[in-house]
Amino acid sequence: FPEYEGEVDGSFALDVKLSGSVENPAMNGTGSIQIASLKVPAFSSSMELQSGKLKLDFVDNHLKVKQLQGRLDEMIFHLSGEVYPFERFKFFLKGDVAQSRFNQWFMDLQGARLSKVLINGSSGQLQASAFISANKAVIFYEDLMRWIDRDSSPLKIPFFSASIARLRAV
């Protein structure tokens, strides 16, 4: 495991019964983590997790994530789902994410919100989907065209597919 230094202010509680065997362990119970503040300088010198909450139910061979929420810099997130650590680390999470401003790659979104977020994965594979909305959006055409793989057929936009639900004059 890589080593990271960080500062954390919070608490946790765990009430779990471990049973089964080494080959087929089973855990039943509950767990919760409250994080007032978490800073890990190796990840980012400016990002800090605040008001983090994690509530878990341990059910035999998997975890039910009842609540995963917090604030990471300007992003607020609320997720729930399930994790299967003994089945090729299969998992899925769903929820909502909001950020006051998103300025990356080829766009500047103000009042951005990702709704119906679905993240799932297994054995190092990851898939994610969401609906995105914003109060104001600016797309930088030159940057977009550099980012798109124009030599492919059909045209490919890295990381996601997009469709425009409604056009508005700016």
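Accessible areas here come from the Shrake-Rupley method with a 1.4 Å probe. I opened a predicted model and looked up the chain's accessible surface, which comes to about 12900 Å². Carbon and sulfur atoms hold 55% of that surface.

Entry on the fold. I counted one helix and nine strands. I then read the order along the sequence and wrote it down as β-β-β-β-β-β-β-β-β-α. For contacts with a separation of 6 or more, I noted that 37% join residues 24 or more positions apart.

Entry on the surface. I found a nonpolar patch made of Phe12, Leu14, Val16 and Ile33, with about 400 Å² of accessible area together. Strand E1, residues 7-20, gives the most to this patch, with three residues. I checked Phe12, which sits in strand E1. Is Phe12 buried or exposed? Phe12 counts as exposed because its relative accessibility is 67%, and the cut-off for exposed is over 50%.

Entry on the interior. I noted that 22% of the 170 residues count as buried. Which residues form the largest nonpolar core? I listed seven: Leu56, Phe58, Leu63, Val65, Val83, Phe91 and Leu93. Strands E3 (49-60), E4 (62-72) and E6 (90-104) are the elements that give two or more residues each to this core. Apart from this core I found another, of six residues, including Ile35, Leu49, Val97 and Val117.

I looked up the contacts of Leu93, leaving aside neighbours within four places in sequence. Leu93 is in contact with Val65, Leu68, Ser80, Gly81, Val117, Leu118 and Ile119.

Note on methods. Residues are numbered from 1 along each chain as its sequence is written. This is a predicted model: local features need pLDDT of at least 70, side-chain atom pairs count only at pLDDT 80 or more; totals for chains, interfaces and linings use all residues. Side-chain values use heavy atoms; hydrogens and water are left out. Patches are made of residues with over 30% relative accessible area and no salt bridge: like charges are joined within 9 Å, nonpolar side chains (Val, Leu, Ile, Met, Phe, Trp, Tyr) within 5 Å. A salt bridge is a side-chain nitrogen of Lys or Arg within 4 Å of a carboxyl oxygen of Asp or Glu. Helices (H or I, at least four residues) and strands (E, at least two) are DSSP runs, numbered from the N terminus. Buried means under 20% relative accessible area, exposed over 50%, partly exposed in between (1.4 Å probe, protein chains only). A nonpolar core is a set of buried Ala, Val, Leu, Ile, Met, Phe, Trp, Tyr and Cys residues joined through side-chain atoms within 4.5 Å. Contact means heavy atoms within 4.5 Å.
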